[in-house]
Amino acid sequence: MSKAYVNYQRKRELISLVAWELFSQKGFSVTSMDDVAKAANVTKQTVYRYFPSKLELFKAVLESYAQKAPKNYDFGQGDLAEELYGFAMHFMRFHISPEYLGTMRLLVSEARENTELGAIFYANGPKKSGAMLSTFLRENISGIADADHAASLFVAMLHHVRTPLLLGLCDSVTEEELDKHARYSVDIFLHGCMSKV
């Protein structure tokens with residue numbers, strides 16, 4: 001790898017990091033490319049050399065965030081309930097992290113004015129994890145009528161622990177609370193699925 005390429009990547013990552021901090025603090029709409037350049041201690045032309053538009057910069061920020069996020073859960077060959085429990089714990093731990101909550105707050109505040117932001121976020125995260133879960137359900141619950149819909153419902157159950165955090169009603173969720181919610185969600189989900197096959 002050449003020194004020029006390493007420097008290019010470093011500067012690109014610096015601009016992305018600074019942009020993420022500004023987007024989180026001020027919002028996407030209010031943050032200008034001038035703000036990003038000033039905070040990154042580079043010229044506005046430099047920012048545009050790396051990112052042709054603010055939307056492209058936001059997309060790069062989300063992609064960078066997705067790469068740093070924990071990898072998708074690796075389903076094994078174990079008991080169906082235990083595999084779903086493992087997925088649930090992995091999923092909830094990630095979705096209650098301060099970084100993820102900050103991303104969600106930013107998207108909720110900006111999505112009305114910039115609908116493309118939501119689409120970018122959805123393609124880089126929820127769509128991929130939903131497809132992975134759907135595939136697992138299709139392969140492991142024989143006769144399941146609509147694995148995509150079932151996966152969406154299971155994920156919605158898991159998101160329940162995130163709501164109080166997003167609304168500022170609590171500061172954290174304990175491992176014990178996550179464990180209880182994961183087991184209860186798996187039980188209800190599997191009971192519902194098995195009654196339909």
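Predicted model: local features only at pLDDT ≥ 70, side-chain atom pairs only at ≥ 80, totals over all residues.

A: Helix α6 covers residues 98-110 and helix α7 covers residues 115-124; the two pack at an angle of about 150°, and their axes are 8 Å apart. In this pair, α6 passes α7 in a left-handed crossing. On the α6 side, the contact is made by Tyr 100, Thr 103, Met 104, Leu 107 and Glu 110, while α7 brings Leu 117, Gly 118 and Phe 121. Sorted by class, the contact of α6 with α7 has five nonpolar residues, two polar ones and one charged.

From there, let us follow the chain to helix α8, residues 126-140, and its partner α9. The axes of α8 and α9 come within 8 Å and cross at roughly 120°. The two helices are therefore oblique to each other. Here α8 passes α9 in a right-handed crossing. If you want to pick out the contact on your screen, look in α8 for Gly 130, Leu 133, Ser 134, Leu 137 and Arg 138, and in α9 for Ala 147, Asp 148, Ala 150, Ala 151, Phe 154 and Val 155. The residues in the contact of α8 with α9 comprise seven nonpolar, two polar and two charged.

Helix α9 (residues 147-159) also packs with helix α11 (residues 175-194), at an angle of about 150° and with the axes 10 Å apart. That angle is over the 145 degrees used as the cut-off, so α9 is roughly antiparallel to α11. The crossing of α9 past α11 is right-handed. From α9, the residues involved are Ala 150, Phe 154, Met 157 and Leu 158, and they meet His 181, Ser 185, Val 186, Ile 188 and Phe 189 in α11. This contact of α9 with α11 contains seven nonpolar residues and two polar ones, with no charged residues.

One last stop is Leu 14, which sits in helix α1, residues 3-26. Leu 14 counts as partly exposed because its relative accessibility is 37%.

Note on methods:
Residues numbered from 1 in each chain as written. Heavy atoms only, no water. Axes fitted to C-alpha atoms, helices over the stretch in contact; angles between N-to-C directions. Helix = DSSP H or I, 4+ residues; strand = E, 2+ residues; numbered from the N terminus. Parallel < 35°, antiparallel > 145°, perpendicular 65-115°, else oblique. Left-handed = near helix turned anticlockwise from the far one by under 90°. Contact = heavy atoms within 4.5 Å. Nonpolar A, V, L, I, M, F, W, Y, C, P; charged D, E, K, R; others polar. Buried < 20%, exposed > 50% of the residue type's maximum accessible area, 1.4 Å probe, protein only.
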